[in-house]
Amino acid sequence: MDDKFFTGYRKTVIKPSEILVSIFLPFTSANEYMYSFKQAGRKEDDISIVNAGMKIHFKNETNTIEDLSLAFGGMAPTTVMATKTMTGLRNKEWNENIIQTACQLLEKDLPLPPGSPGGMVEYRKTLTTSFFFKFYHFVQSARSKVLNGLPSMVLTERPLSKGTQVYEEVPDGQTIEDAIGRPIVHTSAYQQATGEAMYVDDLPIYRDELALVHVLSKVAHGTIKTVDASQALSIPGVVDFITYKDVPGNNTWGPVVFDEEMFVSKEVRCQGAIIGAILAEDIRTAERAADLVKVEYEQLDHIVTMEDAIKKNSFHDGVEKELMLQDGDVEEGFNKSDHVIDGEVHIEAQEHFYLETQAALAVPKGEVGEIEVICTTQYLSLTQKIIASLLGVDRNKVICKIKRIGGGFGGKEYRNMLIAAPVAIAANKHNRPVRCSLDRDQDMMMTGTRHPFMAKYKVGFTKEGKLSAIQVKLYSNAGFSKDLSVIIMKKAITHFDLVYNMPNVDIVGGVCKTNIPSNTAFRGFGSIQGMFVTETIMTHIAELLDQCPMKIRDINMYEEEGSKTPYGQILDNCTIKRCWNECLTQAEYEKRQSDISNFNSKNRWRKRGMAINPVKFALSFVAMEGFFNQGGALVHLYTDGSVLISHGGMEMGQGLHTKMIQIASRVFNIPISKIFISETSTDKVPNTTPTATSTGSDLNGAAVLDACEKLMKRLQPVIDANPKGNWEQWINAAYFERVNLSATGFYKTDDLVYDTVNKTGRLYSYFTYGVACTEVEIDCLTGDHQVIRTDIVMDVGRSMNPAIDIGQIEGAFTQGYGMFVIEEYKVSPEGTLLTRGPGNYKIPTYGNIPAEFNVSLLKGASNPRAVYSSKGIGEPPLFLACSALFAIKAAIRAARIEAGYSKIFRLDSPATSCRIRMACQDQFTVQFPPAEKGTYRPWYVDL
Ligand code: MTE
Ligand code: MOS
């Protein structure tokens with residue numbers, strides 16, 4: 001095998017009639033050394049960005065190079081040999097000077113024009129020379145038989161994972177039946193682990209069922225000239241091609257404002273918009289036919305990036321004016337400041353990547369327009385409402401239900417409509433059951449992501465680092481329609497204070513309208529992006545003052561009682577300082593920081609860094625949308641003593657049903673094995689609130705509690721009549737006494753009153769707090785990294801279920817780590833999604849979990865504002881993963897200081913291996929300056 005083996009992209013010299021029988025790998029001979037290198041976005045199961053195999057043969061025992069082989073992957077369509085470098089170095093002396101020569105020759109061997117497929121051109125070039133530099137040192141240490149050169153060139157090996165989970169036991173005297181506060185296993189954990197758990201795609205096939213496959217727009221912006229489905233329709237088994245013409249009711253929809261068409265009639269505004277859908281007897285036929293639908297467009301100018309949207313003033317109507325938060329006087333604040341800095345930072349998109357893709361099954365009932373839709377959604381009542389509106393029927397004819405979804409993370413709050421509605425329209429037209437279960441690529445192309453954000457800031461502070469004035473412009477890339485983008489921007493703005501006293505603030509939000517699929521809710525709902533800007537600013541201040549970032553955060557932090565947010569809410573029961581101090585202790589912060597300095601002083605090419613970051617997350621829907629703060633439940637008692645609960649919340653893996661069952665177990669004082677939740681359905685509990693904003697257990701839990709308490713009251717006379725009896729006897733007796741054994745429950749958060757003009761009152765019900773401290777090690781030459789340890793202390797009030805709450809903390813942290821460090825969502829300048837499916841889009845995996853992961857729930861915490869003193873926990877911990885990014889930043893800073901580069905630099909999210917490597921500026925990065933913007937067509941753009 002030599003440089004002639006590969007003939008083109010994924011092509012080799014092997015003829016169709018030949019097969020590869022064996023590969024012979026010779027042992028190295030005396031004076032011969034061989035090493036290989038690979039850098040990928042993720043360590044496990046990922047294609048390399050650049051890889052290399054390098055072999056050297058010395059003349060006898062001398063330092064003279066007899067022969068050299070250098071092979072590179074990721075630098076051209078095929079694996080290539082660096083022939084100029086190989087011949088150029090032959091017969092040369094192997095010493096430090098050779099590195100410089102090799103770098104020059106490698107640049108000639110491996111030209112990669114700007115805009116090459118795969119992008120990251122400067123990074124890839126830098127990797128080739130960095131790999132060679134490593135190779136040089138590996139060979140040197142092997143030859144000198146002293147291995148001390150080697151370890152400082154590679155990351156410390158990842159030890160076996162370990163971790164601790166610390167929580168309080170239930171108080172003495174709590175009955176055995178009462179499950180509140182106990183680490184009960186998720187009620188469907190075993191079914192999910194074995195595969196027995198049913199999802200939409202697992203439901204048995206109906207006789208006459210049809211499969212639906214969407215036909216999506218392939219241009220970002222244009223008008224449809226013609227749609228030709230004749231070829232598709234001629235395939236046996238294809239039943240129909242449906243379009244906007246088949247919508248009997250209103251084809252426009254939206255979660256807040258109706259600004260989208262379900263099926264595009266004329267103007268497409270993003271790639272991935274629905275032009276129509278093929279119906280066929282089976283899914284494969286439908287897929288094949290969908291590819292054959294021909295659409296001709298007249299293309300119009302498109303906007304993909306925020307930069308472009310700002311330039312062209314493309315915002316979702318004038319919201320910039322509406323989205324503002326001002327407090328104090330910034331000008332005066334700046335005047336009083338010892339320092340004023342400005343900066344910019346970007347946060348990129350994140351794909352939801354729920355395990356179960358979006359799916360729906362619609363079953364028409366054959367009479368008077370009745371239809372049942374089983375669909376992946378976090379918001380059944382809206383799905384019901386939109387389907388009724390599209391079909392032009394009353395909502396009492398449409399039942400929407402679901403047992404569970406395989407993850408939602410906000411992605412199934414609204415964008416699920418793009419699946420459920422077409423399926424319902426098709427079923428209605430043909431009076432046959434219709435099912436659609438998206439493949440991953442389609443799901444990624446259609447359903448939107450977390451909003452990319454960018455921020456421009458100007459900040460004033462004292463010489464100690466106390467904030468005195470902040471002026472920020474936040475922009476988000478919303479895509480073509482509003483969806484929830486305006487509310488998401490508001491959440492970003494109202495979380496911008498994070499946990500810090502901000503005397504003078506001026507925050508403005510701009511929601512950019514672009515030709516990409518509509519971006520939507522994603523765990524954290526905009527708060528993550530807002531708070532990331534705040535932490536970037538706090539770090540910037542520390543970098544400028546050469547102070548420990550922990551100290552800067554500490555001196556600006558809110559007090560336990562009485563601190564006031566910029567929107568005027570007075571904080572009570574604010575536990576942030578307690579979480580902070582406990583986390584500092586748990587993480588042995590001071591000691592480990594000095595260990596890190598020690599490590600860094602001994603290692604030039606690998607560095608460690610540690611960061612501690614807080615979170616404060618509002619629980620409840622915002623006061624202005626206070627109507628959402630309601631929950632409903634329906635509880636039935638059967639005469640065998642078993643209990644069936646229905647409530648308005650959706651199970652998406654977060655353990656909501658488990659907690660609801662625990663609540664009933666306390667009220668009834670019966671074991672959880674007697675209590676069951678089957679599904680969530682609009683005919684059991686109507687007009688539900690979306691299971692979102694981490695309020696599921698607060699709102700539905702209080703409603704379940706209400707229903708159970710009503711039943712207990714009704715049972716009391718039979719209990720009093722037979723106090724020694726058991727639960728089954730009481731229920732039985734109650735039945736014969738003709739006691740109503742079914743009750744509805746209801747709850748509303750009714751003291752949320754906020755005055756938007758005077759900025760007084762309660763904007764949010766309460767806050768969940770937490771702190772994380774993370775340590776990382778980076779490889780300065782490749783940008784590789786390893787999360788060494790994370791410690792988290794979280795205030796979840798009095799946990800209803802510590803196993804589930806800690807699971808949410810660990811899970812949210814890992815998902816956040818994906819967003820802040822690993823995941824890369826890449827879109828071409830034409831708005832085409834380049835990173836489709838799990839082969840291209842990498843979420844964190846086992847090797848990304850902190851090697852040591854310690855989670856503690858804050859002791860002695862309580863919360864008078866939610867059921868049994870608990871707190872919502874689903875989203876708050878996600879932000880804590882920014883500690884991995886800021887730890888990386890600290891490590892990069894150490895490398896830059898040693899290399900003599902500026903200590904102040906920008907680090908956008910995600911901190912990918914490319915960003916890490918290029919920020920560790922050195923003699924290798926300077927060789928490859930980035931090409932000037934506008935002089936070439938980039939492979940992907942920053943959204
Ligand atoms: N956990 C799992 N396993 N799967 C999910 O889809 N979604 C998150 C969070 N935790 C999610 C999850 C999001 S975005 C929210 S808003 C909350 O759960 C919703 O559930 P809760 O209100 O019951 O906490
Ligand atoms: Mo969660 S983003 O509120 O569904």
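**Reading a sheet, then its surroundings**

Mentor: Keep in mind that this is a predicted model. Let us begin with one pair, in which Val793 stands opposite Ser856 of strand 35.

Trainee: In which sense do strand 34 and strand 35 pair, and over how many bridges?
Mentor: Strand 34 (residues 785-795) and strand 35 (residues 852-857) are joined in the parallel sense, over 6 bridges.

Trainee: What is the order of the strands in the sheet, and which strands stand at the edges?
Mentor: The sheet is an open one of 5 strands with mixed pairing, and its order is 7-35-34-33-25. Strand 7 (162-166) and strand 25 (606-619) stand at the edges, and because each has a single partner strand, one side of each is left without a neighbour in the sheet. On average, and with direction ignored, neighbouring strands of this sheet are turned by 10° against each other.

Trainee: What packs on the sheet?
Mentor: Helix 16 (residues 576-586) does, touching strand 25, strand 33 (766-779), strand 34 and strand 35, and the direction of helix 16 makes about 30° with that of strand 33.

Trainee: How does strand 33 pair with strand 25 and with strand 34?
Mentor: Strand 25 and strand 33 run antiparallel and are joined by 14 bridges, with Gly609 standing opposite Val776 of strand 33. Strand 33 also pairs with strand 34 in the antiparallel sense, over 10 bridges, and there the bridge partner of Tyr769 is Asp795 in strand 34. The hairpin of strand 33 and strand 34 has 5 residues between the strands, and in this hairpin Gly783 takes a positive phi near 85°.

Trainee: Which residue other than glycine has a positive phi, and is that residue buried or exposed?
Mentor: One of them is Leu498, with a positive phi of about 50°, found in the loop between helix 13 (485-494) and strand 24 (505-513). Leu498 is buried, its relative accessible area being 0%. Another is Lys759, whose phi is near 50° and whose place is in the loop between strand 31 (754-755) and strand 32 (760-761); with a relative accessible area of 23%, Lys759 is partly exposed.

Trainee: Where is there a cis peptide bond?
Mentor: A cis peptide bond joins Ser909 and Pro910, with omega about 5°, and Pro910 lies in the loop between helix 23 (882-899) and helix 24 (913-919).

Trainee: At what angle do helix 14 and helix 15 pack?
Mentor: Helix 14 (residues 527-545) and helix 15 (residues 549-556) pack at an angle of about 120°, with their axes 8 Å apart. The two helices, helix 14 and helix 15, are therefore oblique to each other, and their crossing is right-handed. By class, the contact of helix 14 with helix 15 has 6 nonpolar, 2 polar and 2 charged residues.

Note on methods:
Residues are numbered from 1 along each chain as its sequence is written. Chains are lettered from A and ligands numbered from 1 in the order in which they are written. This is a predicted model: local features need pLDDT of at least 70, side-chain atom pairs count only at pLDDT 80 or more; totals for chains, interfaces and linings use all residues. Side-chain values use heavy atoms; hydrogens and water are left out. Axes are lines fitted to C-alpha atoms, for helices over the stretch in contact, and angles run from 0 to 180 degrees between N-to-C directions. Helices (H or I, at least four residues) and strands (E, at least two) are DSSP runs, numbered from the N terminus. Angles under 35 degrees count as roughly parallel, over 145 as roughly antiparallel, 65 to 115 as roughly perpendicular and the rest as oblique. A crossing is left-handed if the near helix is turned anticlockwise from the far one by less than a right angle, and right-handed if clockwise. Ala, Val, Leu, Ile, Met, Phe, Trp, Tyr, Cys and Pro count as nonpolar, Asp, Glu, Lys and Arg as charged, and the others, Gly among them, as polar. Two strands pair if DSSP finds at least two bridges between them. Contact means heavy atoms within 4.5 Å. Buried means under 20% relative accessible area, exposed over 50%, partly exposed in between (1.4 Å probe, protein chains only).
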